[in-house]
Amino acid sequence: MQREKQEIEEMKKHVVLVKPFSLEDEKDSENTPPNLIQRILSLFKNVRPGSDLTNFQLPPQMNLARSQLQCYGEIVYSCDGHDLLGECSRRDKPIERLKSVVTWYISTLRPLIFGLAPYNPVIGETHHVSNGHINVLVEQISHHPPVSALHATHEKENVDVLFCQYFTPKFRGAYVEVEVKGKRVVKLLNHKETYEMNQPKLLMAFLPAMGAHWAGKIVIKCPETGLAAELQLLADSFLSRFTGNNKRAIKGKIFESSSRKQLYEIFGHWDRTVTAKNTKTGQLEVIYKASENIAKLKTPIVKNLQEVRESESAVVWGEVSEGIMTNDWEKAREAKRDVEEKQRESLRKREASGQSWIPKHFSVARAGKDWDCVPLQPTVPRAPIVVPL
């Protein structure tokens, strides 16, 4: 018993949870230190345009104190007291449910910090957090290429969310383009509706103006209702950084898939407000306010330490995060090397024994470069890490 308590206390020292990246952190994405910019450019000086950066290693000075799995999880479980995911199921009419899914999707867009990136998750790493009725479990199901799977369930409203995604970052000379592939599906089980959606691109530009932003076309469609939405995230331009006209702008429409008849026009800025205009009546409705949903986000806490897995992101990267948060870069470098060496050693053992990695929470299928995954359990259990009320 005493030994078990000591092991728990030792583990507790290295469970490092950080505040979710939220709206008020956007200032960090615009005030990048000059020395960081120089460091970024020096890293890419020997990289050719078009090169795949999937396995590109960053020094800890260029890492956020969180894993990519935590970033994926946060966009689902972190919200400022507004249950936008549950609201998708509470609506009575199909068109209102699609509008709610559009609103929820917009809430998953978060500000970015230019020049800083989360840790690349190690294979088998997990992130498990609960917030109210929402339970989220993320697992890294492949390392080369890096593929992440997310399953979230809303206990009260019977909503199911599944991500299976992988990204390809490429150096384009004046910018880095990150294309996120795979699937995102939201199922409203009470209504027997499935909403399929893709993901925008991430652009990190060096010239003519530095910045990181989301861009590209988003399509959300529901085969059961025949309704769909198309959203366009407008990329920042050099001019817009002075005029402010297109910064984080979003526009689009909701329409009937078969006839392409437009029902709503969508417009606004995803970091401020987004409005839906009924094309028949002209009525305007503010469907999203960023200040009410992705601001003042709370840091998760450990509710039951004994149930925290050793594979939990906050444990795997705990010492690295401690080093980054205290500017102890030598500690961060050594801890990061340790994490990476453990992964390499694990890979060597599997290769020597002829074993393949088998995810713990998902069954995985691969066809060429395409990946798909199915959760092994129909619902996500309550997590030992929770977002406080």
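**Exercise 1.** In which hand of crossing, left-handed or right-handed, does helix 8 pass helix 9?

*Solution.* The model is predicted, so local features need pLDDT of at least 70 and side-chain atom pairs count only at pLDDT 80 or more, whereas totals for chains, interfaces and linings use all residues. Residues are numbered from 1 along each chain as its sequence is written, and side-chain values use heavy atoms, with hydrogens and water left out. Begin with the elements, helix 8 (residues 318-325) and helix 9 (residues 329-353), where helices are DSSP runs of H or I with at least four residues, and strands are E runs of at least two, numbered from the N terminus. Their axes, which are lines fitted to C-alpha atoms over the stretch in contact, with angles from 0 to 180 degrees between N-to-C directions, come within 7 Å and cross at roughly 160°. Helix 8 and helix 9 are therefore roughly antiparallel, a term for angles over 145 degrees. The crossing is left-handed, meaning that the near helix is turned anticlockwise from the far one by less than a right angle.

**Exercise 2.** Identify the buried residues of helix 8 and the elements that they pack against.

*Solution.* Taking buried as under 20% relative accessible area with a 1.4 Å probe, protein chains only, one finds G318, V320, S321, G323 and I324. These residues pack, with contact set at heavy atoms within 4.5 Å, against strand 1 (63-67), strand 2 (117-119), helix 7 (313-316) and helix 9. Finally, just after helix 8, N327 takes a positive phi of about 60°.

How values were computed: Parallel < 35°, antiparallel > 145°, perpendicular 65-115°, else oblique. Buried < 20%, exposed > 50% of the residue type's maximum accessible area, 1.4 Å probe, protein only.
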